Amino acid sequence: MAGGSHSQAAEQKAASLGQSDVNRRLKYISLAVLVVQNASLILSIRYVRTLPGDRFFTTSAVVMAEVLKVLTCLLIILLQKRVNVKETAFLLLDSIVFQYKDTLKLAVPSLIYTLQNNLQYVAISNLPAATFQVTYQLKILTTALFSVLMLRKSLSKVQWFSLLLLFIGVAVVQVQQEGNKEASVANSANQNYTVGLIAVVISCLSSGFAGVYFEKILKGSSASVWMRNVQLGIFGTVLGLLGMWWNDGPAIAERGFLFGYTGMVWCVIFNQAFGGLLVAVVVKYADNILKGFATSFSIIVSTVTSIYLFAFHVDLLFMMGAGLVICAVYMYSLPKAPGVSSSSLRSSSASSTLPVTERDAQMEAFQPKLQLSICSATCWLVKQTL
């Protein structure tokens, strides 16, 4: 009997260690996916928008991304129903048509997301990739403010301080870019820094509002994430087509919907369509701290890549601003001090396969490696400016 209980305990310990290793690997994979998705989309859009030759219509790219997103979510729902077409059709009919009031609620965030996607193209076409990446972190500030106003969420003192740091960091980067604006305008006659800056600020405002509004809708709904994305995508496609007709209708009628599309443009569209869905899956294994690290890494990756790919000039002022933003993102993602509500603790423990103490121990072991990597990359960038 004693031998049996010992063997059971040993098996449970081995299984727990195995699960722990799997979760640790998933955290690293999650970090890599988040960094690659964050940095690659911005860099690839910047690359295709600065290439010489015929330029594709960004409004058509936004529509194409929405269509691909809807088709992908429909395929996932079909697979969840074990390829039962009839059952899937009834589910879609019920969720989209019969519950039309619920569907119509998504018209507002869909309109804002469509506007945001178009503004991102405008902003990245007119701003250096690294500058856009840093400035775009203002969406953390707008999301936090809308969360406080609309969801009555409370922020810790550390989070409020991090938002102040974030604002100061972005302002420093803008001062630095203002000094280099004349040179950049001379080098790129088709780019307008002011237009890019206005586009990214409006994009941040729309991103914050739409994200909080969407969260508010999801709280009172039993629909799956994939069904919600289908509903969003339907509105997004219709609104995107209207925007395309309004802005580029005559030109597209003359040159065609796919005018200027190259292999790289298709990569951008696939990244935009599937990147968000991929992140939605990956975030299951990532907490706020990991997402904060991913954002910090992606800023560094975008800056380093921009130096070599776009001859982006990094000086000490930019490094100061970017450093403040990276610190702010990390501080904002830190967990709140022990005054967390019991409900949030229950939900966080229910969503994880590891006990709280073991998960915390893993994160404590995981953070120093990431901090060291970020510090090493930042030091390398500083050396490049000297």
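L51 is partly exposed because its relative accessibility is 34%, the class lying between buried (under 20% relative accessible area) and exposed (over 50%), with a 1.4 Å probe and protein chains only. This is a predicted model, in which local features need pLDDT of at least 70 and side-chain atom pairs count only at pLDDT 80 or more, while totals for chains, interfaces and linings use all residues. Residues are numbered from 1 along each chain as its sequence is written, and side-chain values use heavy atoms, leaving out hydrogens and water.

L51 sits in the loop between α1 (2–50) and α2 (58–80); helices are DSSP runs of H or I with at least four residues, numbered from the N terminus.

## Helix α5 and T114

Helix α5 covers residues 107–126 and includes T114. The 20 residues of α5 reach 29 Å from first C-alpha to last, close to the 28 Å expected at 1.5 Å a residue; the expected span is 1.5 Å times one less than the number of residues. Of these 20 residues, 14 are buried, leaving α5 mostly covered.

T114 counts as buried because its relative accessibility is 4%. Apart from neighbours within four places in sequence, T114 is in contact (heavy atoms within 4.5 Å) with V62, G236, L239 and G240.

## Helix α7

Helix α7 (residues 138–150) has 13 residues and should span 18 Å at 1.5 Å a residue, which agrees with the 18 Å between its end C-alpha atoms. Its buried residues are L138, I140, L141, T142, A144 and S147. After α7 comes R152, with a positive phi near 55°.

Technical notes
Helix = DSSP H or I, 4+ residues; strand = E, 2+ residues; numbered from the N terminus.
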